[in-house]
Structures are given as C-alpha cells and as structure tokens.
Amino acid sequence: MMAIVYSCLSFPNFISCPIVNMAVKNISPRPCNLLGTIPYLSQKREFPLLAVASTCCPQIYEDHSESELRALGVTFSGVGDSCVVRMALENGSAANLMLPSGLITSFKAQMWHGGTTEVLHTLVSERENGGAVIQGGLSLALGCENNAGVSWSPNAWALHQVNGTPQESIQVELISRNEQVNAQVKHIITLRRDLLTSEILVSNSSTSSLHISGSLICHLTVSTPDATYAIGLEGSDFFIRPPLVSNFSIIPPDLKGNDRDPRKSWAFNKLFSKLNARAWNAEDVVETLPRDIKEELEGEEDDNYKHLTEKSSRIYTNAPRNLTIMDRGRRNSVTVRRNGFEELYIFSPGSEHEWYNKYSFICISHAALLESIILNAQTEWRGGLQLWNPNS
C-alpha cells in the first residue's frame, strides 16, 4: 500500500488575503447550513441596496429596484461587513453567496420526500476581536500572471447582473477586473431546480498571453468520509499532493505539515516552493526525486467505487467529467460535473473525526494545478463546476 505524505500547499501569488486563523475564543467552529443559525450571527438585518451600491452592487442598483430583484427570486441581507445574496426557487431549492468575497455558503437542493438537504459544508467561527470567520462552501482560488511577471487573483467581487425567474432558474453574475494585467473574470452562479452551476469566464484584453492556475474548490457535506464513496475514478492517474490551502479551505490541524520524514518534506518543499507557475513543470521536478519517494507520489486508481475513509489528498488527471459522491450515512448522492479544467483534486480529512461534525466533508476541486492554462491575447477561457442532485 502506498504511504501518503501530508503537508500544506499554498499559493502566495494567488492569495492576497491571509489564511484564516481558526483559533477562536471559547467558541469552536461548527457546521453551518445557514449563516443565521450561528448564535452570534443570528441578528441578521435587511441590507438596503443603497448601502452596498457603491461597492458590491453598483450596476444592479442602477438597473433594478429592490422589489424587482425580489420578483426575480433574489434578496439581500447583511452579516457584519458582508452582503449575503440569497437565490430561492419556488420548489424550495436555494443558494446563498457572500459579497465581496464571492464565497457560496449554501446550496439547499429539493429531495424526493419534499424537503431539502444541504449540499455544501460551511464552518462559521468567531474571531478573537469579534466578527465571523467563514470557511468551506464553494469558492474560486484563481491566479493570473502575464508575460511580464505581473500576477493577480480575483478575490473582490461586484454583483454585475441578475436574471431568471423563481419558477425555473436564477442566475447571478459576479465580476472582478484588474487593469495591470488587462484581465477580467466573471463568476456566473446559476440555480436550477436540481442543480447549482459555478462557471468562470476569464477575458484577456492585453496584447500578451496570460497563464492561469488555481481551482474551483467545493466542500461537500457528508455524514462522515467512512460512509462516503467516489464512483467513477478507475483508470485515472493520480498524484499525491499536500492539501490545497486557499482563503476558505478547511484543513484539520493534524494535516498541517506534521510530516516526520525529512526526505519527504524536502520533496514537497521542492515541488511547491516555486512562485512562478509559468517556469514550473511539476513532472520535471518529480523526475529528480529519489525513486522510493517518487513511487509513493503517483499511481493509477484501480477502484471504481473508492472508499474515502482514509486521509487522502490527490490530483487526478484523465479523470471522468462526471463524478458521483455517494454518502450512505445521509442516504444521498451528488454528481459533480467538470467543464474546462483538465485536473480533478479530491481531499478527504479521513474518518478519525466524529460523524456529522466540522470535518465531515469531502473537498472536490476542478483545477489547473499541475499545469497552468495559457490564455492568448484578446481571447477568453471558460471553466466550471456543476453540482447535480439526482434525488429530487
């Protein structure tokens, strides 16, 4: 059996905000389906569009009144300094996202029994100086770099457009721009009766190419990894890598770089210390590693019904576009569909934790981590992730 190495992988070029500190004062992070269910966040207030018109919703405020947006199935509320945008269909399916961070904190899908179930896993805790720390959910950790070495990560979003009807589907479009690299990213979130789609459109308006690295990161809630299976991975090549760290990643403390083998620590430091994604070919670096370490870092998946009970952090190549995550504990399944991205990242915190607790999740990411995406001048690139609930 392969030995699995753990460390933490961060992207300094991509992340402009510090990694969230999970240390809290007398309060432990806990799972949260709706932000308002946490006691110290329960005092939600109505968030007038006028209050956010100059920052998060300038175009929306110009084009629509608050009553018109409610008729489209979209409402606004405030939590701290953030604006929460809620999309709700008449059949009961709903999704929440936060501005300006762009974090999708909730996707409630309708079930066959008439109720709804929460698909995303989100943790909310309190900072020592007050305010909320929110992790998990569905987020974008993307980095762009031009030929001059100027890099940018879209992590401050404005609400650009709202379309749809509460009877069929609702679409919310976020936008982020950077003049230095002449790039624009649109994040388009679409809620339908049985699915949620997160799609990104990167536009390169410069005269040189852009190199795009990063991922769409989705935390799926499960009863426990011990009862969870990934269906359809057989035959996919995998590379064992450290857990992916972003602004909203959930990483248990026991997986934060406690490896005792100095050779393996050296291997990961060498693999992931370079900041220039354009000059870094991960496979070339792997070839320089000691043979026994190299053999532990890669392989081919031989299980089409992969049990996720063990701690695992892998990047899959040539993986299927559709992957089903089955949770026997919740008697539920979710199909994750990939578009544009060529790599699939799967992280399981393992089953050493309590059932239905803050570490009862599986992280699925559609990614460009081993190899960046090259976007030529005056062109666009589109990628996305879709969560389909087959249980309605």
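This report walks through a few local features of a predicted model.

## Before you start

Local features here need pLDDT of at least 70, side-chain atom pairs count only at pLDDT 80 or more, and totals for chains, interfaces and linings use all residues of this predicted model. Residues are numbered from 1 along each chain as its sequence is written, and side-chain values use heavy atoms, with hydrogens and water left out.

Most residues other than glycine have a negative phi, and most peptide bonds are trans. Against that background, look at Leu 99 and Pro 100: a cis peptide bond joins them, with omega about 10 degrees. Pro 100 sits in the loop between β5 (94-99) and β6 (104-110); strands are DSSP runs (E, at least two residues), numbered from the N terminus.

Asn 182 isn't a glycine, yet its phi is positive, about 55 degrees. You'll find Asn 182 in the loop between β13 (169-178) and β14 (183-192). Asn 182 is partly exposed, at 39% relative accessible area (buried means under 20%, exposed over 50%, partly exposed in between, with a 1.4 Å probe and protein chains only).

Arg 331 has a positive phi too, about 50 degrees. Arg 331 lies in the loop between β22 (322-327) and β23 (332-339) and is exposed, at 73%.

## A buried asparagine

Now for Asn 146, which belongs to strand β10 (residues 138-146). Asn 146 is buried, with a relative accessible area of 8%.

## An exposed aspartate

Over in the loop between β19 (298-300) and β20 (305-307) you'll spot Asp 302. Asp 302 is exposed, with a relative accessible area of 66%.

Methods
Helices (H or I, at least four residues) and strands (E, at least two) are DSSP runs, numbered from the N terminus.
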